[in-house]
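My plan was to go from the overall fold down to single residues.

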Amino acid sequence: MDERRVTPRHRVFKAGTIEFDGAGVDCTIRNMSPIGAGLEVANPVGIPHEVTLRVLTQHVRQHCYIVWRKEKRMGVTFD
């Protein structure tokens, strides 16, 4: 499979929260680069296209868009 990312992602295992509309969904950040991340959630139902990712260990919030979804995994690009 060809790599289509502009910047390679580095494997990580960090706790995060996907925030939207005053709600939050816990997630695991599986990989990350300066322009995006791969996330895993228990249940992706109801998560909209535009969200804020909060990285708990770094106290960082990043506005992002979901660019792909597959079962419990999703990829986001940072705004």
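**Overall fold.** I noted at the outset that this is a predicted model. I looked up the secondary structure and found zero helices and six strands. From the N terminus the order reads β-β-β-β-β-β. I then checked the dimensions. The C-alpha atoms fill a box of roughly 35 × 25 × 20 Å along the principal axes. The radius of gyration is 12 Å, which agrees with the value near 12 Å for a compact globule of 79 residues.

**Surface and contacts.** I read off an accessible surface of about 5,400 Å², with 51% of it on carbon and sulfur atoms. Of the 79 residues, 35% count as buried. For contacts with a separation of 6 or more, 42% are between residues 24 or more positions apart.

**Core.** Which residues touch the most other members of the largest nonpolar core? I found Ile18, Ile29, Ala37, Leu39, Ile47 and Leu53, out of 17 residues in that core. β1, β2, β3, β4, β5 and β6 each give two or more residues to this core. In soluble globular proteins, nonpolar side chains tend to be buried together. I followed Ile47 further. Beyond its neighbours within four places in sequence, Ile47 contacts Ile18, Phe20, Val25, Val41, Ile66, Arg69 and Met74.

**Thr17.** I placed Thr17 in strand β1, which spans residues 10-20. Is Thr17 buried or exposed? Thr17 counts as buried because its relative accessibility is 7%, and the cut-off for buried is under 20%. Neighbours within four places in sequence aside, the contacts of Thr17 are Gly24, Val25, Asp26, Cys27, Thr52, Leu53, Arg54 and Leu56.

**Hairpins.** I took β4 with β5 next. These two strands pair antiparallel over six bridges. Four residues sit between them in the hairpin, where His59 takes a positive phi near 55°. Val55 stands opposite Val60 in β5. I then moved on to β5 and β6, which run antiparallel and are joined by six bridges. That hairpin has two residues between the strands, and Glu71 in the turn has a positive phi of about 55°. Tyr65 has Thr77 in β6 as its bridge partner.

**Val60.** I went back to Val60 in β5. Val60 is partly exposed, with a relative accessible area of 33%. Leaving aside neighbours within four places in sequence, I list Leu53, Arg54 and Val55 as its contacts. I also took the C-alpha to C-alpha distance from Val60 to Arg11: 18 Å in space, for 49 residues apart in sequence.

**Salt bridges.** How many salt bridges did I count? The count comes to four. In one of them, Arg61 pairs with Glu19, with the closest N and O atoms 2.4 Å apart. Arg61 lies in β5 and Glu19 in β1, so the pair ties together parts 42 residues apart in sequence. Arg61 is exposed at 56% relative accessibility, whereas Glu19 is buried at 15%. Glu19, Arg54 and Arg61 are linked in a network of salt bridges.

Glu40 came up in two entries. Glu40 forms a salt bridge with Arg30, closest N and O atoms 3.0 Å apart. Arg30 is partly exposed at 29%, Glu40 at 27% and Arg73 at 33%.

Definitions and conventions:
Residues numbered from 1 in each chain as written. Predicted model: local features only at pLDDT ≥ 70, side-chain atom pairs only at ≥ 80, totals over all residues. Heavy atoms only, no water. Buried < 20%, exposed > 50% of the residue type's maximum accessible area, 1.4 Å probe, protein only. Contact = heavy atoms within 4.5 Å. Core = buried A, V, L, I, M, F, W, Y, C linked by side-chain atoms within 4.5 Å. Pairing = 2+ DSSP bridges. Rg over C-alpha atoms; globule rule 2.2 N^0.38 Å. Areas by Shrake-Rupley, 256 points an atom, 1.4 Å probe, with all protein chains shown as cover. Salt bridge = Lys/Arg side-chain N within 4 Å of Asp/Glu carboxyl O.
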